[in-house]
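Q: Hey, can you walk me through this one? I'm new to it.

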Amino acid sequence: MPRSRRFFNAQNKRELLLPALFLAPALAVLLALSIYPLIYSVTISLQQETAAGVTWTLGNFTRLFSDGFFWTAMGHTFVYAVAALTFEFLLGLGLALLLNNQIRGRGFFRASLLVPMMLPTVVVGVVWRLMLNPNFGAVNGTLKQFGINTESLTWTASPKLAMLSVIAVDVWQWTPFVFLVLLAGLQAIPQEPYEAALIDGSSRWQTFWHVTLPLLKPSILIVLLLRTMDLLRVFDQIFILTEGGPGFATETISLYIYRAAFRFFDFGYAAAMSFVLLALTNVISATYIRLLEGRNA
Amino acid sequence: MRTLLLTLLILLAVTCAVSCTGQPSRNQLTVAVISGAEGEALKQAARDYEAKTGTHIEIAQFPYANLFEKELIDLKSHTGAYDLIMLDDPWFPRFANENVLTELTPLMQKRGQSGPDPDFVEASLNVCRHPFQTGALYALPYVGNSQLFFYRKDLFEKYSLKAPATWDDVLAAAKTIQEKETGSKTYGYVMRAAQGNAAVADFMPIFWAFGGEMFDANGKPAVNSPEGIAALEFMLQLGKYSPPGYASFNADEVAAHLLQGTAAMSINWPVWISPFSDASRSKVVGRMGFTTLPGAKKPGQAEIGNWLIAIPRYSKNAEAAMDFLLWATAPEQMKVSTRRGNPPTRRSLFTDAELVAKNPAYPVQLRSLESSRPRPRTPYWNEIENAFGIFLSKANSGELSAAEAMNQANAEIEKILQRAK
């Protein structure tokens, strides 16, 4: 250990004091708000309250396997995430490519596209809940104007359409975010590769596939990663739009965790479910990074 | 360097000194109340009490969705932050079971009262006892809600229908009204079948009237009994006369349909009575009738939904809290609370001539409350209601048949009880 002894000599100690002091408040906050709760939630996920008192057990984790609600909610979460992500990405990319061109009114379109993203999710939820009301909502009202029979279009109340409805609202709100990040990425691409491609006689499609897309990869990776993490833990808009219903049709894992914790007061089970979600999110994120980075290398 | 460290330490010490010395004073109470008319009434009472006695009362107000969690977290961690809490009666078994409430009778005896005033409606006092009806008293009833049956008097007269006494009458009337009232589209019935509390509250009166019981004599879940399945089948039939999308309806949607005159009947709570006579909100002023719940095999019974006030076990001011509690639930104060549309829990107020003149539905409300029934008294009610509501909503949205829904609900309730052991 000669190195560490040298590291902590008197001279160094003095030099280390100031940075340590600067770091201390941040570390204290992190410890109190992040690390302590994390350790605490590991603890309670391994405990169960019984008549005899608190016991250490893996019961919360084994219970997951026999809990049909948990797996259904997990399934809903993935359907929701995959569908919303696909639409948001394709639409966002399309819009970014379109508005990266010199078209008329570009500034106006760019600005107005950002409005949904600026609104609080709660407001978006409430507004869409009203718009999707089967009897006096704007959506069915508009469809009726076009002579469409809306009798069976009950949107958030229909087990078939409810999931579609909540996905549509998410796409409406978050496509602008994807668009914004990808547009920034597009604008950071230098002109030279395009000029080179032009000289080499590449078609527009080839240019897009071999020049734009590879150079946009870092932005794509960032936006997919952020959206996936957000989608997997979606809570607020579904809570307001359907509260997981009708029946269980739009219950996602976050809603189920919330219910377990704050309605049923089963914090241990809620913590166990949260760790499963955390693990899955990590695996998915790592896969993304490997896929996208791997191809680059 | 040393100066910097010293400054930081002093700063820390000062912040701590400022924040850590706030000891609760003797003449101060903290009350957790619900946002809405029920909580506003207690808030008003607190202000009046403050002016009268000088006891400072701090109010912590929470929306329905958060009140339960705030109170239970606080009570379970023994912080004693609240001296009085408002409780919805289905939560009571959970709180009583956790042993976090103060028994009230000893505090009453100290004040020369042998027990709660016999003027309180018995059904309301029953839900304040643990175990139900027979046990010790841990709360006092403050707002005496129980379900009522709302129906359009004018349409019933138009088609010479009698006020519905049975669920068969209801179905027949719904059919008649919906078929004949074609000029202005009017649905025969409107109900809430959103998963959770809504679907369960609208189903229980049908379930009970058809002879269903959530638990059998041995305490085993029995919602999939033939009676239970018949009750759900009946609910689905009634659903054919309810506006499309009712499987996601909550109180607001039901009220909107009734106030707009687009639905003719529903089960509802007394808080919605007064909006019907408000011409700025209602298109059916003077046309709504109120009666007790219809029966079937058994006489109709409403679900009770009282707001209770309790004193947490770890309150540091239980005596002062008791004084305020007795004052706020006394006839004079409760009469003030009724001005906000809160039904009382005292017989003398339900029959008070002045109040009856203002609230013509009071006699019906009293009958409904006296014959009401609580939701099954179990500390696991939140879990059970959630699971049961999911399957009721699934049946009403057409995802499951009545028998499938009840069988799956029964299995799920069984699981919840098994886990609880």
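This is a predicted model: local features need pLDDT of at least 70, side-chain atom pairs count only at pLDDT 80 or more; totals for chains, interfaces and linings use all residues.

Q: OK, and which residue is the bridge partner of B:V31 in β2(B)?

A: That's B:I59. Both pairs go with strand β1 (residues 28-34) of chain B, which pairs with β2(B) in the parallel sense over 7 bridges. Two strands count as paired if DSSP finds at least two bridges between them. Strands themselves are DSSP runs of E, at least two residues, and helices are runs of H or I, at least four residues, numbered from the N terminus.

Q: What holds strands together in general?

A: Strands of a sheet pair through backbone hydrogen bonds, either parallel or antiparallel.

Q: What is the strand order in the open sheet of 5 strands?

A: In chain B the order is β2-β1-β3-β10-β6, and the pairing is mixed. β2 (56-62) and β6 (140-143) of chain B are the edge strands, each pairing on one side only. On average, neighbouring strands of this sheet are turned by 30° against each other, direction ignored. Axes for that are lines fitted to C-alpha atoms (for helices over the stretch in contact), and angles run from 0 to 180 degrees between N-to-C directions.

Q: And how many residues of β1(B) are buried?

A: 6 of the 7, so β1(B) is largely enclosed by the rest of the structure. Buried means 20 or more other C-beta atoms within 10 Å of the residue's own, exposed means 12 or fewer, and partly exposed is in between, with C-beta atoms placed from the backbone. Of the 421 residues of chain B, 48% count as buried.

Q: Zooming out, how many helices and strands does chain B have?

A: 18 helices and 10 strands. The C-alpha atoms of chain B fill a box of roughly 85 × 50 × 50 Å along the principal axes.

Q: What radius of gyration does chain B have?

A: 24 Å, which agrees with the value near 22 Å that a compact globule of 421 residues would have. The radius is taken over C-alpha atoms, and the globule rule is 2.2 Å times the number of residues to the power 0.38.

Q: Which domains does chain B have?

A: The assignment gives domain 1 (27-138 + 307-344) and domain 2 (148-303 + 378-420). Those bounds come from an automatic or database domain assignment. The centres of the two domains of chain B, taken over C-alpha atoms, are separated by 31 Å.

Q: How many residues of domain 1 of chain B are in contact with domain 2 of chain B?

A: 7 residues of domain 1, against 6 residues of domain 2. Contact means that the C-beta atoms, placed from the backbone, lie within 7 Å. On the domain 1 side, helix α4 (residues 92-97) of chain B gives the most, with 3 residues.

Q: Switching over, how many residues of chain A are in contact with chain B?

A: 22 residues of chain A, meeting 20 residues of chain B. The elements giving two or more residues to the chain A side are α2 (10-45) and α13 (253-263) of chain A. The largest share, 3 residues, comes from α13(A).

Q: Last one: is A:F265 buried or exposed?

A: A:F265 counts as buried, with 21 C-beta neighbours inside 10 Å. Its phi is near 55°, a positive value in a residue other than glycine. A:F265 sits in the loop between α13 and α14 (267-296) of chain A.

Methods: Residues are numbered from 1 along each chain as its sequence is written. Chains are lettered from A and ligands numbered from 1 in the order in which they are written. Two residues are in contact if their C-beta atoms, placed from the backbone, lie within 7 Å.
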